[in-house]
Amino acid sequence: MAYEVLVPAELEEDPSLTVVRDSTAPDGLHFVHGEAAKPLATPWQVGAERAALLNPERLPSGVVLDVACGSGVQLAALAAILERPAVGIELDPSRARASAQNLRTVAAWFGALNAPWFVQSRVLVGNGTNAEGVLAALGSPGIGLLQLDPARPRNSRTHDLEEMAPSPNEVLSAWAPLLAQGPDGPAVLLDLSPRLTHEQRLSLEAMIDTHLPGVQRTWVWGSRGGGRVDRLSAWLGGASTPEVARRFVRYPANGSMPLIVEGGRALPLGEDLPEQVRRPPRRGEHVSLVDAALLASGLAEPWLTSHLGAEATLTWTAVEGRRPQVHHDAPLGLDPNQRGLIQASGRIVAVVHHAPNEGNIDDLVVMALEHDVARLTLRCTLPADVQPKLQGSLDRQLSRRHGRRQAFLCHAGQGPEVHLLCVGPTVQEGTR
Ligand SMILES: C[S@@+](CC[C@H](N)C(=O)[O-])C[C@H]1O[C@@H](n2cnc3c(N)ncnc32)[C@H](O)[C@@H]1O
């Protein structure tokens, strides 16, 4: 079937498309969306950051091709920042029109309405897996970067690789032989579900090896905070970074520069989640509560080791849930920009043998004051109606006194009753 080809540079605005504010986009950059496409769209901040992380010198020359471009937000960010023509393909005609309009919006925002990349950009309405048909409609431009963000079933916690539309297997089978070659072979950016299990990621690795044998790869975990992995992607060949098997990207809510951790081992060597150990806590050792999304990327141990030294012993007393907990001998000194990757860190000054409750909270205040504590945060699991009451009581009582340090109470990894009082830097140091 022939493709309808939209030329964003010659487009009239379509008033039927809905304008929706993307809270991650700068003022003045507003995107439109076709039929039910807004929830699928890549946030501008993520798209722009991805484009900035690509090394143009390692990308083969040619266009950016997005074979399932949705509203085209990711495609427009890549094309505008890399200054390469965009080719988007989208099954749904209203989403394809939105892509064309968004490309225009982004080009205008970059002052690039006459730039060759924009003038040469195209959006095709139809099936992105029919490579021959697409090339016949476009006259075979070189493809410098293949981008795929397939639609996934919504509202399901788990899903199959086969449920992605279009399927990465079909897309790679159609397009891999047609991609331009750079110093690291072709370049591909595969957006995947953050919910893929390690086994599913390994199946993807095997599928990648079928179509692009031995291609270099960097797996990227993205998080907006709260310990959640929000995005998972595989960057292949010219899109990958040599020697970087894994990357963790934390996007700050205020739109500022993301925090990036890189390193780790190739995925087939292991999931690299730390093992939980049960052993009694030792007074004087340090406890850190680590970001759960960083842990999921397999980069928590290399990251901690880079700050604590290769000889440091890391003992994990919790690896699941919201508060992964690691014990180590030396304090964890972090630059302010890295502190977002830990929820709290401090030295064990006391073992508390009862879970906090309204009957014993005053004893906890006394113990905190003995250790010069100005603020004690409860970082242990408590019933939702009890937690705020106890925290409020601690805050009120400690604010009237003259402690200087920040502290937290966490589980000891020895059953529900045993807790640890851990003391960190002074309030001023912690907020600096
Ligand atoms: C997750 S969305 C892409 C969102 C996009 N990254 C953005 O920034 O807006 C995936 C899109 O793939 C489209 N799609 C599914 N199968 C397709 C196919 N075979 N060919 C082209 N597009 C397809 C869907 O209609 C959907 O709009």
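Student: Where is Ala36 placed?

Tutor: Ala36 sits in the loop between strand S3 (31-33) and helix H1 (44-53). Helices (H or I, at least four residues) and strands (E, at least two) are DSSP runs, numbered from the N terminus. This is a predicted model: local features need pLDDT of at least 70, side-chain atom pairs count only at pLDDT 80 or more, and totals for chains, interfaces and linings use all residues. Residues are numbered from 1 along each chain as its sequence is written.

Student: Why is Ala36 called exposed?

Tutor: Ala36 has 11 other C-beta atoms within 10 Å.

Student: What makes the phi of Ala36 worth a remark?

Tutor: Ala36 has a positive phi of about 50°, although it is not a glycine. Most residues other than glycine have a negative phi.

Student: Which residues is Ser288 in contact with, leaving aside neighbours within four places in sequence?

Tutor: Val326, His328, Leu332, Ile342 and Ser345. Contact requires C-beta atoms, placed from the backbone, within 7 Å.

Student: What makes S14 an edge strand?

Tutor: Seven strands form an open sheet in the order S14-S15-S13-S16-S19-S18-S17, with mixed pairing. Strand S14 (315-318) and strand S17 (373-378) are the edges, as each pairs on one side only.

Student: How do you know that S14 and S15 pair?

Tutor: Two strands pair if DSSP finds at least two bridges between them. S14 and strand S15 (residues 325-328) have three bridges, so they pair, in the antiparallel sense. Ala318 stands opposite Gln325 in S15. Their hairpin has six residues between the strands, and Gly321 there takes a positive phi near 80°.

Student: How many bridges join S18 and S19?

Tutor: Strand S18 (residues 405-411) and strand S19 (residues 419-426) pair over six bridges, antiparallel. Phe408 has Cys422 in S19 as its bridge partner.

Student: Why are the buried residues of H6 said to be on the same side?

Tutor: In helix H6 (residues 168-175), Pro168, Val171, Leu172, Ala174 and Trp175 are buried. They cover an arc of only 165° around the axis, which puts them on the same side of H6. The arc is that of the directions from the helix axis to the C-beta atoms. Their cover includes helix H5 (131-138), strand S7 (143-148), strand S8 (187-192) and helix H7 (198-211).

Student: Which peptide bond is cis?

Tutor: The one from Ala165 to Pro166, with omega near -5°. Most peptide bonds are trans. Pro166 is in the loop between S7 and H6.

Key
Buried ≥ 20, exposed ≤ 12 C-beta atoms within 10 Å, placed from the backbone. Contact = placed C-beta atoms within 7 Å.
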